[in-house]
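Welcome! Here is a short briefing to read alongside the sequence and the 3D view.

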Amino acid sequence: MVRTSTVPEPLDAATSVRMSRQPRSSTKPELALRRELHRRGLRFRVNHPGLPGRPDLAFTRAKVAVFVDGCFWHRCPQHGTMPRNNRDWWQAKLDRNVARDRAKDAALAERGWVVLHVWEHEATDAAADRVQAEWRRRVTPIGR
Ligand SMILES: [Zn+2]
């Protein structure tokens with residue numbers, strides 16, 4: 001898993017801070033999104049082990065998978081940064097993360113799932129709106 005990989009020394013200070021803040025399980029934005037969706041009456045599986053990439057959230061009937069992506073680890077176009085030290089190593093690592101994300105998306109799509117990615121920087125309400133809209137689209141029979 002990406003978040004538990006070992007990191008070569010030495011790290012610059014900013015990177016060390018970022019690493020130490022990186023949670024190993026559910027992140028704060030993910031918990032906030034889960035809470036909000038739950039409040040709206042939506043029910044989902046968390047880290048469904050039977051699905052490619054164990055999506056953070058999985059709506060099994062609607063077949064909607066949601067990943068909440070950290071801006072650093074998944075190279076958010078707005079906040080993705082590249083550490084100065086060990087730049088080549090980081091470049092390769094983050095490139096692999098993104099490639100892995102796309103591979104998971106493809107594997108899920110092959111099974112008939114639609115995949116949503118939510119950036120950790122997104123407002124919880126807006127992210128929940130997006131997920132809920134997709135969920136509704138997928139569970140509403142055609143013609144309604
Ligand atoms: Zn971001």
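A salt bridge here is a side-chain nitrogen of Lys or Arg within 4 Å of a carboxyl oxygen of Asp or Glu. By that rule, the count in this structure comes to ten salt bridges. The model is predicted, so local features need pLDDT of at least 70 and side-chain atom pairs count only at pLDDT 80 or more, while totals for chains, interfaces and linings use all residues. Residues are numbered from 1 along each chain as its sequence is written, and side-chain values use heavy atoms, with hydrogens and water left out.

**Salt bridges around Glu36**

- Glu36 forms a salt bridge with Arg39, with the closest N and O atoms 2.8 Å apart.
- Glu36 and Arg39 sit three residues apart in helix 2, which means about one helical turn separates them; helices (H or I, at least four residues) and strands (E, at least two) are DSSP runs, numbered from the N terminus.
- Glu36 is buried, at 10% relative accessibility, whereas Arg39 is exposed, with a relative accessible area of 63%; buried means under 20% relative accessible area, exposed over 50%, and partly exposed in between (1.4 Å probe, protein chains only).
- Glu36 also forms a salt bridge with Arg40, where the closest N and O atoms are 2.8 Å apart.
- Arg40 counts as partly exposed, at 22% relative accessibility.
- Through salt bridges that share partners, Glu36, Arg39, Arg40, Asp125 and Asp129 join into one network.

**Another pair in helix 2**

- Glu30 forms a salt bridge with Arg34, and their closest N and O atoms are 3.4 Å apart.
- Both residues of this pair, Glu30 and Arg34, lie in helix 2 (residues 28-39), four residues apart, or about one turn of the helix.
- Glu30 and Arg34 are both buried.

**The zinc site**

- Cys71 (SG), Cys76 (SG), His79 (ND1) and His121 (ND1) coordinate the zinc ion at 2.0 to 2.4 Å; donors are N, O and S atoms within 2.8 Å of the metal (3.2 Å for Na, K and Ca), and water is not among the atoms, so sites may look incomplete.
- The four donor atoms subtend angles of 102 to 120 degrees around the zinc ion, so the arrangement is tetrahedral (four donors count as tetrahedral if all angles lie between 85 and 135 degrees).
- Along the sequence, the donor residues of the zinc ion follow the spacing C-x4-C-x2-H-x41-H.
- Cys71, in the loop between strand 3 (64-69) and helix 3 (87-110), and His121, in the loop between strand 4 (114-119) and helix 4 (124-139), are 50 residues apart, and the pair links distant parts of the chain.
- Cys71 is buried, at 5% relative accessibility, while His121 is partly exposed, at 31%.

Note on methods. Four donors count as tetrahedral if all angles lie between 85 and 135 degrees; four count as square planar and six as octahedral if opposite donors are over 155 degrees apart and all others between 65 and 115; anything else is irregular.
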